[in-house]
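Hi everyone, thanks for coming. I'd like to walk you through one structure this morning, so please have a look at it on the screen.

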Amino acid sequence: MTLTKTALAPEVAAIMGRLGVSADRYTGGTLAVTSPVNGEKIADAAQISSGDASDVIAKSHQAFLAWRLVPAPKRGELIRLFGEELRAHKADLGRLVSIEVGKITSEGLGEVQEMIDICDFAVGLSRQLYGLTIATERADHRMMETWHPLGVVGIISAFNFPVAVWAWNAALALVAGNACVWKPSEKTPLTAIAAHAIFDKALKRFVAEGGQAPAALSQLLIGGRDVGEVLVDDPKVALVSATGSTAMGRIVGPKLAARFARAILELGGNNAAIVCPTADLDLTLRGVAFAAMGTAGQRCTTLRRLFVHDSVYDQLVPRLIKAYGSVTIGNPLETGTLVGPLIDKGSFDRMQKALADAKANGGTVHGGDRVHEADAPNAYYVRPALVEMPAQCGPVEHETFAPILYVMKYSNFDDALELNNAVPQGLSSSIFTNNMREAEAFVSARGSDCGIANVNIGPSGAEIGGAFGGEKETGGGRESGSDAWKGYMRRATNTINYGASLPLAQGVKFDVE
Ligand code: NAD
């Protein structure tokens, strides 16, 4: 590791310069940004006040009134250009994600690839915002559904997917004819400024090529929770898509409901996998190790609970413990590293508390200790923890946003299904089996109650084509593929009478002569 020797601030400045971001956006401000890679302060971003945030929202509403009149396929052209700009700047943005969040290089680049993929999806979608034509019971009438833009879409994002979550929302919201206001995590303003600068390049090209787009079509609010609250409370914001912890969702959800605004909530996950007697254990080992340790356990879909059939427990778990002991933990910017740092000290403290609770509940902890402390005293690297638990209790029932995998034995398949569903979070789940009955039962109505239920692949990660999200404490929202676009539009049912009579309800007669 070369942590102490790495000075990241100059590299950040060089990346920002290449993206055309002026230094006053990220120096001399009041929001200190620290890289989890080495604990170095890499920027002081300028923050917006709550009052100015309201002005931004008002401008966004004006932008919406103009943008909704632009034909949808033309709106798609803007997103096509955005996808091109992202391709051109993928290396810089991916690197910045790694510096600001501590993701390993391939994951930083992978996050930008997700942005590109959702742009491709949204471009096609801009020609497919289909409504139904519905058979009507009335003669000489036609009935149809039309989908219209909604208004200002507020996007609140979490630190661990600092740019992809915005793109999932913005690409769909913009082809749907909305204007967007984005409040990123206060831990990741730099990647937000950079991603937005790339969007601005696309917007400039769109206008230069003759497109009609208001300057305030997509705006960025750098600030803390108070700025997010402005977005949630402003009656001009028709939809808030908020990604983050269940604690945040519990505050944001009721506020939006109180003013009848629409919400897409993407909250925490406490994801499980079941390993059955017929599972391919080599495949399972790789699937479990990646899903549990990848991104240092800081994915909403990270595998956190593992139920292993007692007939294969002794074949699988010792190999897993070995894999946990040998994984390369270190500087995420160096090739060969598989596990980077935790985001900050708070995250480290919560992980240690969860491990202490697990021990108090009878768990046996393997790993979980801090590493590279001498090399990087202000960064928080940990060995991922595997905890053998006697039962699903204590910290196993909550999401701790760190690399802890709780492993439990089961002997009856129905019990394992019940344990999978027994926590309040319902985001993602998996089964490893070659038994067709178990696999099909897992994805059936009596199976996993999660928004994602996979067979022979871990629960982490998602592909743009499928709608992403989950039930229960995950908030019920859906983002990205499938028909998630409907969440960003309003539906009207239109009845058109092309005859000369006006059929009223049976038996009703109005004499208006
Ligand atoms: P967080 O809840 O601390 O913050 C998320 C965002 O919400 C931030 O931008 C924050 O400023 C804002 N916020 C917080 N309180 C607010 C309030 N009262 N009003 C308005 N905005 C408010 O989450 P985090 O630590 O950044 O991210 C980790 C969490 O996010 C984990 O629980 C993880 O599972 C979840 N997550 C979920 C998904 C998903 O798709 N389901 C994806 C990524 C992360």
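I'll begin with the ligand, move on to a strand, and finish with a few loop residues.

One thing to keep in mind as we go: this is a predicted model.

Let's start with the ligand. Which residues come nearest to it? There are 27 residues around the ligand, and the nearest are Lys 183, Glu 186, Ser 245, Leu 267 and Glu 399.

Glu 399 places a polar side-chain atom 2.6 Å from an oxygen atom of the ligand. At Gly 244 the backbone takes part, with a polar atom 3.3 Å from a ligand oxygen. For Arg 225, an N or O atom of the side chain is 3.4 Å from a nitrogen atom of the ligand.

How much of the ligand does the protein bury? Taken alone, the ligand exposes 850 Å², and 91% of that is buried by the protein. If you want to find the helices involved, look at α8 (225-233) and α9 (246-258), the elements that give two or more residues to the shell.

Next, please find strand β6, residues 179-183.

The partner to look at is strand β5, residues 152-156. Five bridges join β5 to β6, and the two run parallel. If you'd like a landmark in that pairing, Gly 154 stands opposite Val 181.

Let's turn to the loops. Ser 126 lies between α5 (105-125) and β3 (133-134). Why does Ser 126 count as buried? Its relative accessibility is 4%, and the cut-off for buried is under 20%. A polar atom of the Ser 126 side chain also lies 2.6 Å from the backbone oxygen of Val 123.

Thr 30 is in the loop between α1 (9-18) and β1 (31-34). With a relative accessible area of 65%, Thr 30 is exposed. Asp 44 is 14 residues away from Thr 30 in sequence, yet their C-alpha atoms are 5.8 Å apart.

Thr 295 has a positive phi, about 55 degrees, although it is not a glycine. You'll find Thr 295 in the loop between α10 (281-293) and β11 (303-309), and it is buried, at 8% relative accessible area. His 372 has a positive phi near 60 degrees, and it is not a glycine either. That residue, His 372, sits in the loop between β13 (370-371) and β14 (381-382). At 27% relative accessibility, His 372 counts as partly exposed.

That's my tour, and I'm happy to go back to any part of it.

Conventions. Residues are numbered from 1 along each chain as its sequence is written. This is a predicted model: local features need pLDDT of at least 70, side-chain atom pairs count only at pLDDT 80 or more; totals for chains, interfaces and linings use all residues. Side-chain values use heavy atoms; hydrogens and water are left out. A residue is near a molecule or strand if one of its heavy atoms lies within 4 Å of it. A polar contact is a pair of N or O atoms within 3.5 Å; within protein, one must be able to donate a hydrogen and the other to accept it, and residues adjacent in sequence count only if both atoms are side-chain atoms. Accessible areas come from the Shrake-Rupley method with a 1.4 Å probe; for residues, only the protein chains shown count as cover. Helices (H or I, at least four residues) and strands (E, at least two) are DSSP runs, numbered from the N terminus. Buried means under 20% relative accessible area, exposed over 50%, partly exposed in between (1.4 Å probe, protein chains only). Two strands pair if DSSP finds at least two bridges between them.
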